[in-house]
Amino acid sequence: MSSVLILFAHPALEKSRTNRLLLEACRSVEGVTVNDLYEEYPDFDIDVDREQQLLLDHDYILLHHPFYWYSSPAIVKQWEDLVLEHGWAYGREGKALVGKKILNVLTTGGRHEAYEEGGYNRFTMQQFLAPFDQTAYLCKMIYLPPFVVHGTHRLSEPEMRRYASQYKSLLTMLTTDQIDLEDAKTRRYLNELLVD
Amino acid sequence: MNQSVLIQAIVYLASGVFFVPIAKRLGLGSVLGYLIAGVMIGPAVLGLVGEEGHDIMHFAEFGVIIMLFLVGLELEPERLWKLRMPVLGLGGLQVLLTALLTCGLALTTGLPWQPSLALGMILAMSSTAIVLQTLNEKGLMQTAAGQNTFAVLLFQDIAVIPILAIMPLLATYPLPISATEHEHVAFIDGLPGWLRPIVVVSAVVGLVLMGRYVMQPVFRIIARTGMREVFIATALLMVAGISVLMEMVGLSPALGAFVAGVVLANSEYKHELESDIDPFKGLLLGLFFISVGAAINFELIAENPLLVVGIVLAVMVAKALVLAVLGKVFRLKTDQNLLFSLGLCQVGEFAFVLFSFASQNGILAKETVDLMTAVVAISMGLTPLVFLANERLLLPRLGTKEVAEKEQDTIDEKNAVIVAGFGRYGNIVGRFLRANNIGTTVLDFDSDRVDTLRKLGMKVYYGDASRYDLLKSAGAEDAKLMIIALDSAEKSLELVETVKKHFPHLKVLVRASDREDTYDLMDAGLTHIYRETVDSSLRMGVDAMTLLGFRAYQSQRAARLFLKHDEKALAGLAAVRHDRKQYFSSARQRIRELEDLLSSDEKDRWLKDVEDGWDPESLRNEFKQQNL
């Protein structure tokens with residue numbers, strides 16, 4: 001039994017149907033903690049002690065956010081800057097997060113094809129996510145491929161619900177240790193592990 | 001009211017008002033201005049005042065008493081203790097040596113030794129009034145010369161007591177019949193000899209105890225009433241009371257006032273007392289100088305011009321020489337020594353008192369007294385000129401002029417921030433800054449609060465923050481920020497004016513209670529204006545939104561944007577406010593403004609801004625069109 005921490009960040013959740021559904025889905029899974037950053041810290045004053053304790057208490061860290069400008073909303077960066085302290089998360093003495101698993105859970109307006117080489121956005125998701133990958137590496141964490149919901153601008157209601165249930169399956173898989181990490185690492189998206 | 005009193009007042013005031021600014025403008029200093037005014041209205045020129053001038057001089061001596069009270073206030077006991085060497089050593093030697101030298105000079109003119117000694121002692125005195133006033137005006141009190149000058153003057157004040165005691169022993173002339181009714185009928189004279197020292201000592205001890213344990217609580221109670229004139233009256237009453245008490249036991253009233261000042265120097269009302277009494281001191285001293293000017297007997301001078309001038313010069317040169325030698329012994333630098341010795345070389349106002357005492361007790365002949373009174377008055381009149389000559393002719397050649405040190409007496413820490421008003425608003429700002437180790441000096445007008453805060457170890461000063469002198473002593477010259485958190489809008493505006501006029505380098509942050517005040521403060525040119533209710537009202541609004549289920553971040557952003565919008569709207573209304581004033585009563589105006597504000601809330605684009613950045617709607621449409 002593993003525990004999952006979802007660091008959720010959306011500055012205007014009231015505008016995002018997809019993310020509302022995704023968030024709803026994960027709340028019902030046992031062993032999952034949702035930490036809604038914009039709701040917790042509307043003034044961006046991150047409580048570092050609280051956040052570090054949350055990280056220590058969980059095995060999987062999921063950075064769940066819309067893929068704004070090929071990255072995260074501002075508060076995720078603020079969170080990284082403040083919480084992943086030198087001497088705690090990284091550096092010679094920084095061993096607090098060693099061995100923990102981390103991944104991004106993303107929603108993008110553009111479709112999957114747009115994130116191919118030669119596609120509309122010219123780079124792949126893996127390339128765009130390199131900073132997260134390296135951050136995890138520096139903290140001696142295991143960086144897993146992302147779970148991505150592409151094309152949210154054109155998703156229909158049933159499609160969104162399908163993604164929500166996939167997300168729920170993924171979380172169940174993680175909490176019940178049914179994931180083969182070595183296999184997972186070879187995938188482009190974790191979505192591939194989930195069959196409807 | 002007696003008609004002639006008013007007319008006299010007009011004569012004195014008008015002469016001062018006319019001549020002092022001229023003297024000041026010419027760089028002669030106010031003391032010389034008053035003296036000239038006195039000469040002009042005196043018997044020599046216009047003859048507007050006659051014999052009653054002497055009464056006025058006695059009355060105006062109260063100014064000297066107040067001045068010494070103020071000098072005492074400036075001197076905390078620890079500093080006085082540090083001055084003990086100059087006071088006793090320098091002061092003592094000055095009085096002793098000058099008395100002996102002038103006594104010797106008198107002997108050479110053929111006077112018997114008794115009147116010579118009396119003259120010597122009298123001429124050893126210098127003019128506290130003129131010298132301190134001039135040094136203060138020139139900002140030289142804190143220099144080495146200023147401090148030593150003060151020490152000498154202080155000793156002279158003390159020395160008056162033994163001199164008065166010795167003088168009767170020197171009587172050689174038959175007593176005039178009226179001798180018994182001289183003004184210093186001290187109650188102590190009726191006491192047996194062994195009791196006198198006890199009474200004197202207990203009077204002084206009583207004075208110190210009164211100052212410490214009675215006057216402080218009394219001032220606190222009076223201050224609590226919030227009536228400034230009663231506070232001033234109390235202060236004056238105290239000084240007058242001390243004078244009478246001191247006279248009763250045969251001590252110098254000025255000395256008593258000085259002691260009372262020292263006792264109160266550590267009190268939280270120090271600055272308030274200073275600024276409240278100061279105008280009275282100024283006026284009375286002015287009156288005193290005018291009467292000195294008026295008292296100069298020009299007829300006598302005209303009869304023996306050479307004799308008078310000769311004595312004046314002899315006395316002043318003799319005094320200056322003694323002082324210069326002592327200054328050298330006490331290691332004053334040359335420039336400081338010049339200031340010290342030339343500054344104190346006149347004969348002081350105590351001489352007038354001592355002369356009348358001497359003639360009434362048959363110590364000096366009437367002719368001598370008349371002649372010497374003229375000499376004293378002339379020497380006093382020459383003092384500002386001597387200062388001037390020293391400053392303009394002698395000191396520039398030295399080129400080592402010592403720069404006046406910073407006033408040590410002022411609030412010792414150099415805090416970057418001055419908080420005016422530590423009430424329900426200011427205390428939050430002040431505590432916040434203190435918690436972040438930002439030095440704050442607090443000024444407050446509520447004596448209870450001042451008490452409490454001082455007990456908590458804070459530097460808090462009692463007084464009206466809009467007063468220049470209080471601001472100055474609170475270190476406004478070195479501070480960076482002035483935080484005005486006063487309850488009263490008028491006081492805030494007054495303070496803003498004072499700061500703009502005297503301390504333009506200070507950045508001002510000001511609390512405003514409502515929109516009306518905000519407009520006034522905007523008109524005064526301020527940009528950092530904080531309406532006291534806006535932020536907490538908006539925070540309440542944010543919580544209301546959040547409790548209704550809005551996202552916390554959305555509510556917060558909405559509040560911040562609303563504040564910006566509101567401030568913009570306010571600035572817009574401030575611009576048209578003056579035109580509108582003509583048409584609406586203020587109540588109508590407020591309603592009209594509320595209407596304007598409410599309608600601007602709707603029209604404005606600000607509300608859309610809250611979410612525009614993350615609104616995918618337009619993007620969604622474009623995606624659909626381009627089929628990306």
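Trainee: Okay, at what angle do helix 9 and helix 11 of chain B pack?
Mentor: In this predicted model, helix 9 of chain B (residues 195–225) packs against helix 11 of chain B (residues 253–263) at an angle of about 35 degrees, and their axes are 9 Å apart.

Trainee: And is that crossing left-handed or right-handed?
Mentor: Helix 9 of chain B passes helix 11 of chain B in a right-handed crossing.

Trainee: Which residues make the contact?
Mentor: From helix 9 of chain B come B:V204, B:L207, B:V208, B:G211 and B:R212, while helix 11 of chain B brings B:G256, B:V259, B:A260 and B:V263. Sorted by class, the contact between these two helices of chain B has 6 nonpolar, 2 polar and 1 charged residues.

Trainee: Switching to strands, what does strand 4 of chain B pair with?
Mentor: Strand 4 of chain B (residues 481–484) pairs in the parallel sense with strand 1 of chain B (residues 417–420) over 4 bridges, and 4 bridges also join strand 4 of chain B to strand 5 of chain B (residues 507–512), again running parallel.

Trainee: Which helix goes with strands 4 and 5 in the β-α-β unit?
Mentor: Helix 21 of chain B (residues 489–502) does, and together with strand 4 and strand 5 of chain B it makes a right-handed β-α-β unit.

Trainee: Stepping back, how many helices and strands does chain B have?
Mentor: Chain B has 27 helices and 6 strands, and of its 628 residues 41% are buried. Taking the contacts in chain B between residues at least 6 apart in sequence, 73% join residues at least 24 apart.

Trainee: What about chain A, in what order do its elements run?
Mentor: Chain A has 8 helices and 6 strands, and from the N terminus on they run β-α-β-α-α-β-α-β-α-α-β-β-α-α. Buried residues make up 36% of the 196 residues in chain A.

Notes. Residues are numbered from 1 along each chain as its sequence is written. Chains are lettered from A and ligands numbered from 1 in the order in which they are written. This is a predicted model: local features need pLDDT of at least 70, side-chain atom pairs count only at pLDDT 80 or more; totals for chains, interfaces and linings use all residues. Helices (H or I, at least four residues) and strands (E, at least two) are DSSP runs, numbered from the N terminus. A residue is buried if 20 or more other C-beta atoms lie within 10 Å of its own, exposed if 12 or fewer, and partly exposed in between; C-beta atoms are placed from the backbone. Two strands pair if DSSP finds at least two bridges between them. A crossover is right-handed if, with the strands pointing away from the viewer, the path from the first strand over the helix to the second runs clockwise. Axes are lines fitted to C-alpha atoms, for helices over the stretch in contact, and angles run from 0 to 180 degrees between N-to-C directions. A crossing is left-handed if the near helix is turned anticlockwise from the far one by less than a right angle, and right-handed if clockwise. Two residues are in contact if their C-beta atoms, placed from the backbone, lie within 7 Å. Ala, Val, Leu, Ile, Met, Phe, Trp, Tyr, Cys and Pro count as nonpolar, Asp, Glu, Lys and Arg as charged, and the others, Gly among them, as polar.
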